[in-house]
Amino acid sequence: MNIDEYIEDAIFSEKESHKCFYMLMWENLKEIGYVITNEEGYDVDAIIKAVSLQNLLGEFVYRIYDEVNETGYEDILDYCNSAGIDEDAILAYCRKNGDIEIVEDDFELTVKNALDTVSEFTADKMLQEFPADDVFDYMFTAAYAFEQDFVFDFEDTDELQAFIEANHDQLDNYREEYASVMRWIESGMFC
């Protein structure tokens, strides 16, 4: 199985308006070696990291709109299951990663711990690669409908970035309006 194609089709295409953000982050995370998807045995790692991007954007949306972040450990289980990855492989991944708290006899809590831990690592890597203002701009542009200002659909990451550059002043205004969300990003985006 080509895990990159699976992630793009199954995980990143789940919500089309967010896809460009996911793809931009994914490519950047791959470039710095955080996401490795072409080696045997990294399927679980790639799926959890992809779901962690969903989790971070879901938390951002929660903070902007006060909507429940629906991303959870169940998503990891569903995606792994549909990719033919069983619980033993997920548990082996969690055990191999020394930072994930393993709860014996509670597989679901262990997977939840994996999502929380990997989401924190993913947030750290995003903030190492991009200034907090840029992270806000990317997340906000992916998550916000812009109905009162303008409507725009992005075909690819280049269009997303061009849109952000062309609307820098308006995005500055949104950062000021959502100061608490900006503080959340600056403090590490802990979910």
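Biologist: Before we start, what counts as a nonpolar core?

Modeller: A nonpolar core is a set of buried Ala, Val, Leu, Ile, Met, Phe, Trp, Tyr and Cys residues joined through side-chain atoms within 4.5 Å. Keep in mind that this is a predicted model.

Biologist: Fine. Which residues touch the most other members of the largest nonpolar core?

Modeller: Ile47 and Phe60 do. That core has 67 residues. Helix α3, residues 43-65, supplies the largest share of the core, with 12 residues.

Biologist: What is Phe60 in contact with, leaving aside neighbours within four places in sequence?

Modeller: Two groups, going by number. Phe136, Met139, Phe140 and Ala143 are among its contacts. Val181, Trp184 and Ile185 are also in contact with Phe60.

Biologist: Step back a bit. How many helices and strands does the protein chain have?

Modeller: There are 10 helices and 0 strands. Along the sequence the pattern reads α-α-α-α-α-α-α-α-α-α.

Biologist: And what is the radius of gyration of the protein chain?

Modeller: The protein chain has 17 Å. A compact globule with 191 residues would have a value near 16 Å, so the two agree. The C-alpha trace spans about 50 × 30 × 30 Å along its principal axes.

Biologist: What share of the residues is buried?

Modeller: Buried residues are 49% of the 191 in the protein chain. The accessible surface is about 9,800 Å², and 41% of that belongs to carbon and sulfur atoms.

Biologist: Back to helices. Which residues of α8 are buried?

Modeller: Helix α8 covers residues 157-166, and Leu160, Phe163 and Ile164 are buried there. They sit on the same side of α8 because they cover an arc of only 100° around the axis.

Biologist: What about the other side of α8?

Modeller: Asp158, Glu165 and Ala166 are exposed there.

Biologist: And what covers the buried residues of α8?

Modeller: The cover includes α2 (19-31), α7 (132-143) and α9 (168-177).

Biologist: Now α1. Which of its residues are buried?

Modeller: In α1, residues 3-11, the buried ones are Ile3, Tyr6, Ile7 and Ile11. Their arc around the axis is only 100°, so they lie on the same side of α1.

Biologist: What caps the N-terminal end of α1?

Modeller: Asn2 does. One of its side-chain oxygens lies 3.0 Å from the backbone nitrogen of Asp4.

Biologist: Next up is His18. Where does His18 lie?

Modeller: His18 is in the loop between α1 and α2.

Biologist: Is His18 buried or exposed?

Modeller: His18 has a relative accessible area of 7%. Buried means under 20%, so His18 is buried.

Biologist: What touches His18, neighbours within four places aside?

Modeller: His18 is in contact with Leu57, Ala142 and Ala143. Ala143 is also one of the contacts of Phe60.

Biologist: One more residue. Where is Asn81, and is Asn81 buried or exposed?

Modeller: Asn81 is in helix α4. Its relative accessible area is 59%. The cut-off for exposed is over 50%, so Asn81 is exposed.

Biologist: How far is Asn81 from Asn97?

Modeller: They are 16 residues apart in sequence. In space the separation is 20 Å, C-alpha to C-alpha.

Conventions. Residues numbered from 1 in each chain as written. Predicted model: local features only at pLDDT ≥ 70, side-chain atom pairs only at ≥ 80, totals over all residues. Heavy atoms only, no water. Buried < 20%, exposed > 50% of the residue type's maximum accessible area, 1.4 Å probe, protein only. Helix = DSSP H or I, 4+ residues; strand = E, 2+ residues; numbered from the N terminus. Contact = heavy atoms within 4.5 Å. Arc of directions from axis to C-beta. Polar contact = N/O pair within 3.5 Å; in protein donor to acceptor, adjacent residues only side chain to side chain. Rg over C-alpha atoms; globule rule 2.2 N^0.38 Å. Areas by Shrake-Rupley, 256 points an atom, 1.4 Å probe, with all protein chains shown as cover.
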